[in-house]
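Subject: Structure for you to look at, with notes

Dear colleague,

I am passing on the structure below, together with notes on what was found in it. Please read the notes with the coordinates open beside you.

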Amino acid sequence: MQSLTIIRPDDWHLHLRDGAVLARTVADTAAQFGRAMIMPNLSPPVVNTNMAIDYKARLDAQNSSLTALMTLYLTDQTSAHEIQRAFDSGIVKAVKLYPAGATTNSAAGVTNIENTYAAIAKLEELGMPLLVHGEVTHSHIDIFDREKGFIDQQLGPLLQRFPKLKCVFEHITTSEAALFVADASDWVGATITPQHLLYNRNDLLVGGVKPHLYCLPVLKRNTHQQALQAAVSAGSHKFFLGTDSAPHAQGAKESACGCAGCYSSPAAIELYAQAFESFDALDKLEAFASLNGPDFYGLARNSETITLTRCDWQVPSSLTFGDDIIIPLGAGEILNWKIEA
């Protein structure tokens, strides 16, 4: 196969940040995707409908072809009334649950999931999706076990309490998460990132720590990577594309902070193509990238197409990022597929 034409994909889990870097992040995303579900963990976070409307205006001001789908940041104080306002706006398409302290800018996140039951009951009533960062944050739980802990302690019980809650288990990383989603009702889906299909914790740790492969949830052992590959190879409609592309300047990544996140947007669909070809599932790429997401969200599929051509090219070693430099996912690597301009 020398070329592959698919319906233009969407990114159902994306961080764009704010301010001067939007010129980079929005343009990189628009070159690949038709729509993107924009994460709300800015500083301060997007906790109400007015803030979401204002943020979307800043994104739309970039004059790109990207359609930004907005989310609210769930807190212990989020009311059912605010959920209704968000739904009625037509701007906000989902609500994001970050356990407090789980990842970047999550300090204002949920401290006790019971505090959010009124808001979640309203989401279930409206059919509005809850997007979950699925990790517990207890210090005594090993970082490699925090996704499984979240399933056992929080997500499983939550979905029993709210059985018709539309829920996306974001950026899953483990065999337990893949099995949980596969066995759950059709109200439950999951996004999978390119890094969790392409890499495992050996890539992160062997021969020295690779800060630009550090993300949360962290890369897991190769058996979990293989379970994710098997999940998408099986062609289930429950799994769809969400890059979790999360830009941080080079200095912030290569520091004591070691900020979590991989910037995959500049080559996202080519990275996915590389991954899918590596486990002989290129025929499943279009459904994963272009069909399953809009179908889950009840949106029309994109009408445009993109074409990937087989050709070797090298991911740039660095890119400009406002006044800084950013290192993209796969920097310096040779990829086998390239989007036609």
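Predicted model: local features only at pLDDT ≥ 70, side-chain atom pairs only at ≥ 80, totals over all residues.

Residues are numbered from 1 along each chain as its sequence is written, and side-chain values use heavy atoms, with hydrogens and water left out.

Helix packing

Helices and strands are DSSP runs numbered from the N terminus (H or I, at least four residues, for helices; E, at least two, for strands). The axes of helix 6 (residues 175-183) and helix 9 (residues 222-233) come within 8 Å and cross at roughly 25°, where axes are lines fitted to C-alpha atoms, for helices over the stretch in contact, and angles run from 0 to 180 degrees between N-to-C directions. Ser-175, Glu-176 and Ala-178 of helix 6 make the contact with His-224, Ala-227, Leu-228 and Ala-231 of helix 9, contact meaning heavy atoms within 4.5 Å. By class, this contact has 4 nonpolar, 2 polar and 1 charged residues; Ala, Val, Leu, Ile, Met, Phe, Trp, Tyr, Cys and Pro count as nonpolar, Asp, Glu, Lys and Arg as charged, and the others, Gly among them, as polar.

Among the buried residues are Glu-270 and Gln-274. The axes of helix 11 and helix 12 (residues 285-297) come within 10 Å and cross at roughly 145°. Here Ile-269, Tyr-272, Ala-273 and Phe-276 of helix 11 meet Leu-285, Phe-288 and Ala-289 of helix 12, and the contact divides into 7 nonpolar, no polar and no charged residues. Just after helix 11, Asp-280 takes a positive phi of about 55°.

Aromatic rings

Rings of Phe, Tyr and Trp (its six-membered ring) pair if their centres lie within 6.5 Å, with planes under 30 degrees apart counted as stacked, over 60 as edge-to-face and the rest as tilted; the count comes to 11 aromatic pairs. One of these joins Tyr-117 and Phe-162 edge-to-face, at 5.6 Å centre to centre and 70° between the planes. Tyr-117 lies in helix 4 (residues 117-126) and Phe-162 in the loop between helix 5 (146-161) and strand 7 (167-169), so the pair ties together parts that are 45 residues apart in sequence. Tyr-117 is partly exposed at 21% relative accessibility, whereas Phe-162 is buried at 6%.

Phe-150 and Phe-169 form a tilted pair, 6.3 Å centre to centre with 45° between the planes. Phe-150 is buried with a relative accessible area of 1%, and Phe-169 is buried at 0%. Elsewhere, ring pairs link Trp-12, Phe-240, Phe-296 and Tyr-297 into a cluster.

Charges over rings

The charged end of Lys-338 sits over the ring of Trp-313, 3.7 Å from its centre, and Arg-201 lies over the face of Phe-144, at 4.7 Å from the ring centre. The criterion is NZ of Lys or CZ of Arg within 6 Å of the ring centre and within 35 degrees of the ring normal.

Technical notes: Buried < 20%, exposed > 50% of the residue type's maximum accessible area, 1.4 Å probe, protein only.
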